[in-house]
Amino acid sequence: MIAFNFQYTFKEYVEGITGASKAFRFLSLAGRVSLPILLAWGLWLYFSRNWDCFLEAMIWYFPVIAAAGVWSFFPWLLARLGWKINPNIQGVIRCEADEDEFRIWNNNSTTIHKWTAFIRFNETANLFLLFLSKQLCVLIPKRAFVDITQEAQFRELLQQKIIKQ
């Protein structure tokens with residue numbers, strides 16, 4: 001049995017949300033790519049001294065810039081909202097994993113998952129993401145493990161028990 005406990009940091013929570021959703025990664029990337037392009041275009045219009053074109057463009061330019069800015073920070077904004085309204089993710093979380101099941105609990109709840117409940121897992125630099133569906137996953141920070149050996153044991157257990165569907 002592998003046992004560990006942890007408390008999420010906001011940075012880990014944001015990494016988990018963005019790592020779990022392709023839509024969040026796309027929105028963030030779309031905003032970060034489009035924002036500099038739109039800013040450059042606006043500056044070009046301004047400095048080209050084509051005032052008629054500049055004034056007409058500004059009518060829709062500022063809302064588009066605002067939308068690109070929101071797209072850039074949407075994953076962070078959503079994570080901030082989730083972090084504030086869900087006290088369960090801010091307390092100490094305990095986990096146990098063995099050959100039959102994965103157990104996770106905190107002061108308010110206990111959940112036991114058979115390994116067949118997970119459809120896949122991903123690994124980031126700081127987290128293990130255990131997916132129960134395409135959009136729902138359990139975030140496990142790697143710093144929760146006692147040492148690298150325990151982390152490797154957990155990774156091996158995941159590779160054995162979670163069969164991609």
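This is a predicted model: local features need pLDDT of at least 70, side-chain atom pairs count only at pLDDT 80 or more; totals for chains, interfaces and linings use all residues.

Residues are numbered from 1 along each chain as its sequence is written, and side-chain values use heavy atoms, leaving out hydrogens and water.

Let us begin with the salt bridges, each a side-chain nitrogen of Lys or Arg within 4 Å of a carboxyl oxygen of Asp or Glu. The structure holds nine of them. Several residues join up in a network of salt bridges: Glu 96, Asp 98, Glu 101, Arg 103 and Lys 114.

Arg 103 counts as buried because its relative accessibility is 12%; buried means under 20% relative accessible area, exposed over 50%, and partly exposed in between (1.4 Å probe, protein chains only).

Glu 101 meets Lys 114 in another salt bridge, at 3.5 Å from N to O. Glu 101 belongs to strand S3 (residues 101-105) and Lys 114 to strand S4 (residues 110-114), so this pair ties together parts 13 residues apart in sequence. Strands (E, at least two residues) and helices (H or I, at least four) are DSSP runs, numbered from the N terminus. Glu 101 is buried at 16% relative accessibility, whereas Lys 114 is partly exposed at 48%.

Now turn to Lys 142 and Glu 123, whose side chains form a salt bridge of 2.6 Å, N to O. Lys 142 sits in the loop between strand S7 (137-141) and helix H4 (148-161), and Glu 123 in strand S5 (residues 120-123), so the pair links distant parts of the chain, 19 residues apart. Lys 142 counts as buried, at 14% relative accessibility, while Glu 123 is partly exposed at 34%.
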